[in-house]
Amino acid sequence: MLLVGAGCANPDNTWTFQSQTPPPFSAEGEVVQPDRWWTSFNDPTLNAEIEVALQGNFTLAAALQRLHAARAVTRREASDLWPDLNGIADYGSTMGPGSDRSSFIWGLDAGYQVDLWGEIESRVDAERLRTSATREDYQAIALTLSAEIARTWFSLIEGHAQIELLNEQLDNNEMGLALQEARFASGLIRSPDVLRQRQLVEATLEQTVVEKVRIEVLEHQLAVLLGEMPQAAEYDPGSDLPALPPLPSTGLPSELLKRRPDVRRDYLAFRAADRDLASAISAQYPRINLTGSLLNVSESPETVFRDWFVSIGAQMIAPLFDGGQRRAEVDRNAAVKRELFNIYGQTMLNAFSEVEDALAQERYQLERIEHLVNQVELARQSSEQLREQYLISDATYLDVLSAITAQQRLQRELLSAQLDLVLIRVSLYLALAGDFDTRSQDFELLESTVEIIPETVVDE
């Protein structure tokens, strides 16, 4: 079922599958994406921060505990496949006319429900599938966490790059203000030209404040993602955005469905609902209970070990009338199964869409950056020529100011566009990513040197 696509969903037809192979993706790279996709950017600091988050993030830790709880529920349901054995100890005293009487009863009592129609087995299968779905959900959360950290990290880098650019623009604008004030003192220009230049300096300072606030908020967000206190968060990611790695191989759409944990999660949840439905149907049929007991009954301490009684019995229970309760439970499980089927189909379509969206966005973002680079160069040439014309009184200072403002705005916009390109690649990596071992690489290295590691230690 992972190799086929869901058909159109409507009230009359929610179980249709398309048998044809999904069409290939619009672009195909040659580089195989690593399991730890973020290593493609060759940023050791980013790698280290994600490793820290995988061990310290509270959301991921909560997802791990949900997985432990799901495993415990599976073991609890599987216990119904075995007999129940209980110890019994009872003491009673009767007082009234005549002599008082006491009784001592102790022994063993056993009960077993014969899984005649597979009801218990279906429940156990459902919980096993749900546990597997919970594991896939844990992997999906780990992937989302790694992507959020990468996005925040690269946004921090771009923020620092914007501060450097703004400081450079501020120096140029303050130098221009000094020249305008000197020309005004000499009576060569009017005061509005000086005021406009001062306004440009203030606008640059205002943009600097905006970027500083943005950087501080990003640092807080990164600290929370790493499981650290945001009050003392301070990071130095540098100001150089990474070069875009080669386009990864997208592979076949059917391979994507088998690789993505969110698709596998919804598929397993759908299968678990199917087993729930089977269990609900089996609950309508008669069931057989076997009972047995071994008891010692005595009326005095001297005869405690003398009289033993063995009891063996069988009981058949057939539901005759329950007001439609069991039938309603079957209908409920059938509806849940159809719901999860459609959720699974939508998740498959979303997986395809995320890959195609990222491919299209990257393709057009590269074109946009090329046009922005050309605009920055043209704005620079225009600004320089207008300055020269202004010095010979062949252009107004308003024209010069407009050209400078446009050039500086385009420079900042180009940086933002370069960040968007990197973030689009992050989205593409996330859309193509599969699960990975969330344990630290140091732990993996240690594990490779040990022949046998207890399963409980690995789980912890």
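## Terms and basis of the model

A residue is called buried when its relative accessible area is under 20%, exposed when that area is over 50%, and partly exposed in between, with a 1.4 Å probe and protein chains only. This is a predicted model, in which local features need a pLDDT of at least 70 and side-chain atom pairs count only at pLDDT 80 or more, while totals for chains, interfaces and linings use all residues. Residues are numbered from 1 along each chain as its sequence is written, and side-chain values use heavy atoms, with hydrogens and water left out.

## Overall architecture

The protein has 10 helices and 6 strands; these elements are DSSP runs numbered from the N terminus, with helices (H or I) of at least four residues and strands (E) of at least two. Of its 460 residues, 39% count as buried. Among contacts (heavy atoms within 4.5 Å) between residues at least 6 apart in sequence, 80% join residues at least 24 apart.

The protein exposes about 26,000 Å², and carbon and sulfur atoms supply 56% of that area. Accessible areas come from the Shrake-Rupley method with a 1.4 Å probe, and for residues only the protein chains shown count as cover.

## Aromatic pairs

Rings of Phe, Tyr and Trp (its six-membered ring) are taken as a pair if their centres lie within 6.5 Å, and planes under 30 degrees apart count as stacked, those over 60 as edge-to-face and the rest as tilted. By this rule the count comes to 11 aromatic pairs. In one of them, the ring centres of Phe 41 and Tyr 429 are 5.6 Å apart and the planes stand at 85°, so the pair is edge-to-face. Because Phe 41 lies in the loop between strand S2 (17-18) and helix H1 (44-56), and Tyr 429 in helix H8 (residues 397-432), this pair ties together parts that are 388 residues apart in sequence. Both Phe 41 and Tyr 429 are buried.

Tyr 267 and Tyr 344 form a tilted aromatic pair, with 5.5 Å from centre to centre and 45° between the planes. This pair links distant parts of the chain, since Tyr 267 is in helix H6 (residues 261-282) and Tyr 344 is in helix H7 (residues 325-391), 77 residues apart. Tyr 267 is buried, as is Tyr 344. Elsewhere, ring pairs link Trp 37, Trp 38, Phe 41, Phe 154, Tyr 429 and Phe 436 into a cluster.

## Salt bridges

A salt bridge is a side-chain nitrogen of Lys or Arg within 4 Å of a carboxyl oxygen of Asp or Glu, and a search of the whole structure finds 31 of them. Arg 36 and Glu 51 are both buried.

Asp 276 forms a salt bridge with Arg 130, and the closest N and O atoms are 2.9 Å apart. The pair links distant parts of the chain, with Asp 276 in helix H6 and Arg 130 in helix H3 (residues 119-185), 146 residues apart. Arg 130 has a relative accessible area of 29%, so this residue is partly exposed. Asp 322 and Arg 326 also meet through their side chains in a salt bridge, at 2.9 Å from N to O; Asp 322 is partly exposed at 28% relative accessible area, and Arg 326 counts as partly exposed at 27%. Salt bridges that share partners join Arg 76, Glu 77, Asp 80, Glu 119 and Arg 123 into one network.

## Nonpolar surface patch

Patches are made of residues with over 30% relative accessible area and no salt bridge, where like charges are joined within 9 Å and nonpolar side chains (Val, Leu, Ile, Met, Phe, Trp, Tyr) within 5 Å. Leu 85, Trp 106, Leu 108, Leu 294, Phe 305, Trp 308, Val 310 and Ile 312 make a nonpolar surface patch of about 890 Å². Strand S4 (101-114) and strand S6 (308-317) are the elements that give two or more residues to this patch, and S6 gives the most, with 3 residues. Leu 108 lies in strand S4 and is partly exposed, with a relative accessible area of 41%.

## Exposed positions

Trp 82 lies in the loop between helix H2 (58-78) and strand S3 (84-94), and at 62% relative accessibility this residue counts as exposed. The C-alpha atoms of Trp 82 and Gln 113 are separated by 8.4 Å, although the two residues are 31 apart along the chain.

Gln 325 lies in helix H7 and is exposed, with a relative accessible area of 57%. The C-alpha atoms of Gln 325 and Gln 284, which are 41 residues apart along the chain, are separated by 9.7 Å.
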